Structures are given as structure tokens and as C-alpha cells.
Amino acid sequence: MLKIKEILQEFNTEYIEDYKTTWVKAKIKDATDIAVVAQRLKKNGLRTIATISPTDFIDENKIEMNYFFEDLITKRNCWLKCDIPRELEQCKIESLTPFFKGANWHEREAFSMFGVKFINHPDLRPIIVSQDFYDKTPFRKDFDWDAHEADTLKNIQTIVDAFKDEEDENDKGIGEDSSETVLNWGPTHPASGPIRLKVHCDGEDVIGIDPDIGFVWRALEHLVTKKDFIGAIVAVERLCFMDNINSMVGYVQAVEEIADVEITEFAKWMRVLLGEVSRISSHAMGMGGFYNALGLHTVAMWNMDIREFFLDFLESYSGARIATAAIEPGGVRYGLQENMLKELQLGLDKFDNTKEDIKAIFINNPTMKMRASKQGIISPDMVEDYSLCGVVARSSGVKVDVRIDEPYAAYDQVKMDYVVQKDGSAKDRLVNLFEELEQSIDIIKQAKKHIEVGIASGKFNPTKDHMVKVPKKLPKGEAISRVEWSRGEVLMHLVTQEKATSPYRLKMKAPSFNHTMMLDKLLAGQTLSDIPLIFGSLYICQGDLDR
Amino acid sequence: MEMIFNIVVFPGILYILLWTVALFWFFRKFMAALHKRVGPSFNGPAGSYQTLFDLSKLLTKESITPDGVNPYLFSIMPILAATIAIVPTAVIPWTEYVTVVKSEYSLLALVVLIGIEPFLLFLTGFGSNNKYSFLGGIRVLTQMISMETAFFLSALSPALLFGTLSLTSIVEQSSFVSFIILLPGFMLYFIALLGLLDQPPFNIPDAEQEIVYGFYTEYSGTNYFLLKLAEFAEFMAVFAGAATLFLGGYKGLLFDGYSFLFLKMLLIAMLMMAIRAATPRITMKQMLNFSWSYLVPLSLLNAAWIMFAKIFLIGGVS
């Protein structure tokens, strides 16, 4: 940490301060320094860039750039800011992609949403947004959404024209005798989900992959600014509904930090409990997705059977099975009744009864090992360079887990360890998913016991303790909050204005974005059969890919 | 009169339709049990009308012919495929008395008719003017070439053992001893059968997650129904072939009859489904490697074993 500060002191900075336990927050005065600072930080071990988040301050006529650098090994992080002019022509900054490969798509996103131009970026095309948003800046505060929506037919025509142009373009440049072609793997492909991979292939061999994303872009980051702080949770949880609890936890922690509210012990344990239930529901689907990609649907069905019990618990707790909206600034939304824990016990028993079967048939499956143990290998170096996180990073042997690195809620009292594999192949990612399922079950048991003991001893009052009051209006401030989401680290960067009733800017860094960036790297030179395997093993959800 | 009955009812059109509908339903129900699901349950007892309704739906739906294909090739292929798939039923001895075409060379006819089928499926893929269909067609062809060698070699092992190409006399001569001797041949036949019928782990030609639906992709309505009928008729020919060649056909425990043949075919179907529920798909390269480095040498070895058994175990060359 000291070392980081020393490096930053060499430059012209506005302030350098400690932030939380693992962060150094600094603002550099001169935006042209950014590339040099970043390179110095990289040499010092901060090799990963979590995300790049511009904030549009229209009153001060500036765009504030936020860079989040992380060191996955020693857990030191740096939050770097700098201002750039807001006028479209001067809104430029040096690109970090030449040094940080993981910055690539994040810079493209900032370019499409805010019109920030990155100098020296190798491939600065718009991403996520459809063609009718090209050369516009949808996330800037002065963007007129109503005017854009007014002529829907024209917008659709733009998209259609662009698609036809591309169709014509595809077969050009390919010789008469060549067997090369462009396959559209998605968005209506049986295994793709709403994502389109433009697969350049020669017969069965893949030459390269260009993912086209944004088919489920809901502009969530813009949507939350139209809602109040409580209403925003329903937008945040739609990051991906498979694991909706943990994304809400990330958001409400940022709100609580700005409001300076400390939640009760009971609410903290409830967040652990609900979060792990949600993680199970996501991981169970993830394992199913991996095998679905190999043409075997049994795992998905068996896991769905287990998952039902946990969804039953979520339903009796919050009234909804999938989109629960159960975490609120100030705690958790509902109190806990005793019969709910009994229902949870049914799920735990179900898992314990089934897990040996699943392990024997599907985790140790020889055909799966034959397919997957040599495919899609991600080395620890690649994890750091491409900013990978979560299950994908851990299966490559990188010990990273926000629950342990920067404990939130009651995770500091939970007994747990990193679940890691060695080789980082597709098989390892499946095995890791299963072992994390077991770990989550273990954490649930701990949390359940703790809550039961607390209630029995009168320490917790389950019907009153779940909420503390959070003021409706928040002061000016900003906060970041990290949570270990089921797919990896989610970083929420929340900015509020004076007497705010709704967020001014919320940046959600979601893991699938980085993982999808890897596809071309992993699949070039492989065969068509490996596309679903590797795509399935990366545990990608289009919800948090597009946001 | 008998001929007309054979063509229209048993073992002809009606029987095959009934088989297709019933087996489809059975596959769904059996798979559902393995998946811990319920499967079709609303229409009829245990959802048994469901496939019947599906059939009527497919027959009444529009058959879409895509732009830029040869419509004749596109539409004639499903008819041809279904016809060729149905013909083998004529040479199989269903019971002691029912064999439509009695021939000295019925085994040869069976094997050849089963062997033609993938060519037709390749042509359906080729004629669809779709990248996925084309890839599927090529995959069918590749898989067929590598699987049929083993299939033929193992299918001919009973012929070697009994010294006849007539299915009727193979069934007549079969006994418990011959079943034991033919067991390795049966296993090889079963593995090759999985490859031939595009079943997991060899469902490479219609790998949904890779190339959508392979050669089926552009087909809909009646044409799709005909292709499915061809697939299920081929199931029947191959299952019945297995039961006849290795498991003693219609021979039963206390009495002989069609029900025993049916039971044997059902057992093979169940084995196939169980493998389907527990095995992911392998890749093209792995399939080629498996077929040429293991399956084909093993089936040659099996032929040697049959000859050895014939000479030294059951009394020499007659």
C-alpha cells in the first residue's frame, strides 16, 4: 500500500488517501499522465484492471474517469481518478489496452456510452449498443431518450440496414475456392442464449471469433438513475436473476456507506444466508449449462430438482422465487419466521442425499474428462492480464474471493477457504462449480446455526432486527462496493449528488463481460465442437454481459 | 391377400407408424424418469396420446421450402429416406411364420439397406442450402464411413458362425451357446449402432449445441415428419437386426412369438436411452480416433474369435 502511495506521489495529484482496508484512492490532476501511472502500477503488481467508469458531471462540465486497478495476489487495490473535458471533440484520453488487455471492452463500452475516445486503442468499435445508437452518447446526462425513442421505425431500419450490409460484407474477401465462411452462432442458436458469435471458420476449424453482444441491453445503469434508492434494487437484481441476492447486496452496501448506516448483526447473517442460497441456485444452473452444451441434459434436470427446494425457501421468505427484491438499504426486507428455516433444511438434506450420485456420474464422468480436460485452458497469467474473476479465476489456481479478501456482511465470521483447482481447463471449471456448491451448503449450515442460536438466546429478534432506518435523502458522496457474486467479482461504483433521492451514476462491473472477451483467445484454432464446451464452461450470463 | 396385409398392417405401414408413435412416447417417458421429470402426462393415459397429437400437428403444418434450393431434391429426399428405412422390415423374421420376403441373402439386404440411409441424410443436408445443414451432412458421411465398417463386420459374425446369410436360419440355429460366443460381436454391434443412429455419445451429426439441428435444420411439417419416421423406422430395423442376429429373435422362454422379439428390442432401446442420459457428446476427432484405432481392429479380432469358436468349440466347418 505504501509503495502504491509512493508511486502516486511522484505525479501531480489532487489527493491520495486510504479507502476501506484494501484500497488507495487518488486523483491525478493531469489526465495525460494516466498511461504512465498505469504502467508504473502494473510494474508494482497491480496487473488487473477491474473496470473503467466515466461519470458525467454536466454542471461542472467535465467527465470524471475512474480506473480500478487490482492486485489479485497481494490484494492491494488502487482507485484512480482524473478529469477530462466534456466536449465530444476534446473528450479523449490515452488508452490502457496496450498494457492492460482486460481494459479492451471496458474502454469500448465507455466509448459507446459516453463518447470518450481512447487514443491508441487497437479496436475502438461501439459495443453493446445497437447501430441506431452509434455516434450517440446514451449515458450522458444530456442525452434525450424521448427524442431517440420517438422514431422507432427509423431506428429499426438502421439496424436492419446494418445487418444487410454485414451480410453482403461477409462473403467478400473469401476466395471462390475457399471453404472459409462466417457462421452466426446465435442469437437464436439452441445453445447460445442472446449473444451472437461471428465464427469465422474453415469447415470445422475455427479461425477466429468476434462476439456481438448487447441483445439484452436494458441500460440498467441508466435505469437506476430514474428510480429512488429503494426502487433501484429491482433494476440491480436484474443484472442476472440467477443470483439476484448478491448483486443487490453490492448495491445496498454502497448506499449504506454513503448514508453512513451500520446494519444489525442479524441482517448481516441474513445476507450471508440468502446470498449463499442464491449462489446455489445459480451454480446449479451453471453446472447444468456446462453439460447442456455437451448435449447431456440430465445434470440440468437433477440440479433443477435440488434448486427447487432453495427456491421454495426464497419464495416463502420473499414471495418470489427468482426476482426476490429481498435486500434493501438498511438490512433485509423481511423478518424471518421459524418455519422458513425448516424449509431450508429440506433443501440442505436434498443436496446431501443427491451429491454423491452427481459426483459419481457427472463430476467423474470419463467422457466429460476426455472432452474437457485439455480444452479452454486459462493460465494464472491470463487471469491477471484479462481481469478474470470468480469461478474462472479460481479454477486456474488464482486465490481470489472477495468474501475472504475484503469480507462484507458477516463473512468475516464465516469459516471458509478458497476453492481452487490447478489446471484451469474447462473440466476444472465444472469441478470448481461443484465444490463451490458444497462450500455454499457448508456456509448456509454455519449461518443457519448462528441465526438459530442467536434467536434462541434472545440476541436476535427475527421480526424486528432485520431493518434499520436509512434516510430517504442521501448526502453528496461516492462509494464502491465489491461482492463475490456467483460468477465472480461485482464492483458497484455509486455516485450521489447533494440531497439525492436517486443515484446519480451507478457503474456495475460484471464478470461475464471479461469472460466473453476471452472467447476469441481460447477458441481460435479449435474446432466447432469446442465452441459450446468452452462457452458453457466460462459460466457466462447474458444478463450481466449486457446490463 | 396376405401380401396386402403384410404391406398395410403388419409388418408394414401401420405397424411402423404405431411403432414410431409408441417408441417416441416411450423414449420421452423413459428419459423423463431418468431426468427426474414427469414427461408427457396430460393427454391420454400417461400422456400416451401426446405423440399422436404431435404427429397430426406435423402432418397439418406448412412445409417450408427455403429460397435457393432445388425444391424437388429438397422434398423427395425425405420420402426416399422414409421408404428406404421401411424396406428392411420386409426381410426380418418377425415370428416363425411372418417373414415377408424369404431370401437366402436377407442378412445382406438388411445390412445394405441400413447402410444406404446415411447417404440420403447427407443429401438432405446438401440440398438445404444452409451452412449448418451442410456441416451436418458432412458429419453424417464422415461418421457413417467410420462406423459402418465395424457395424458390417460385427453384423456378419453370426453369418460366419452359422454359415448362412439367411436371417430365418440364423434365428433357427441360435442357442444359448451361440449367444455366449456372439456376445463380443453383440457389444461391438451395439456400439456401432449408436454411431449409426446418431445416438449419444456419437450424436455428432445433429449436435444441437454446435450445428443447430444438422441436416434437419431447414425441414418442417410433413417433410420433417417423414425424416423422423425414417429415423424411427431405422431404429426398428437396427434393433430388430440386433435381436435377430444375436439374441435369438422371436425365440422365447416357454413359447416363441413376436412378444419376445419386441421385449428384446425394447431392452436394447432402454440401454440406448440409459447411455443417452449419462454420457456427453464426443467430438469428431475423438469419434474417428475411437472408430479406427479401437472399434475396427476389435471387430476384426471378433471375426477371428468367431472362426476359432466355430472350429474348436462347436464342431468344425460343416
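Two strands count as paired if DSSP finds at least two bridges between them. I also took helices (H or I, at least four residues) and strands (E, at least two) as DSSP runs, numbered from the N terminus.

**Ground rules.** I am working on a predicted model, where local features need pLDDT of at least 70, side-chain atom pairs count only at pLDDT 80 or more, and totals for chains, interfaces and linings use all residues. Residues are numbered from 1 along each chain as its sequence is written, chains are lettered from A and ligands numbered from 1 in the order in which they are written, and side-chain values use heavy atoms, with hydrogens and water left out.

**Entry: the hairpin.** I looked up strand β3 (residues 48–57) and strand β4 (residues 62–70) of chain A. They pair in the antiparallel sense over nine bridges. I picked out Ser53(A), whose bridge partner in β4(A) is Asn66(A). Four residues lie between β3(A) and β4(A) in this hairpin. In the turn, Asn61(A) has a positive phi of about 55°. Next I checked burial (buried is under 20% relative accessible area, exposed over 50%, partly exposed in between; 1.4 Å probe, protein chains only). Ten of the ten residues of β3(A) are buried, so the strand is largely enclosed by the rest of the structure.

**Entry: the open sheet.** I then turned to three strands of chain A. They form an open sheet in the order β8-β9-β10, with antiparallel pairing. β8 (180–185) and β10 (205–212) are the edge strands, each pairing on one side only. I traced six bridges between β8(A) and strand β9 (residues 196–202) of chain A. Leu183(A) stands opposite Val199(A) in β9(A).

**Entry: two helices.** I looked up helix α9 (residues 265–292) and helix α16 (residues 426–456) of chain A. They pack at an angle of about 155°, with their axes 9 Å apart. Axes here are lines fitted to C-alpha atoms, for helices over the stretch in contact, and angles run from 0 to 180 degrees between N-to-C directions. That makes α9(A) roughly antiparallel to α16(A) (over 145 degrees; under 35 is roughly parallel, 65 to 115 roughly perpendicular, the rest oblique).

**Entry: Asn155(A).** I found Asn155(A) in helix α5 (residues 152–171) of chain A. Is it buried or exposed? Asn155(A) counts as buried, at 12% relative accessibility. I left aside its neighbours within four places in sequence; Asn155(A) is then in contact with Asp132(A) and His148(A). Contact means heavy atoms within 4.5 Å.
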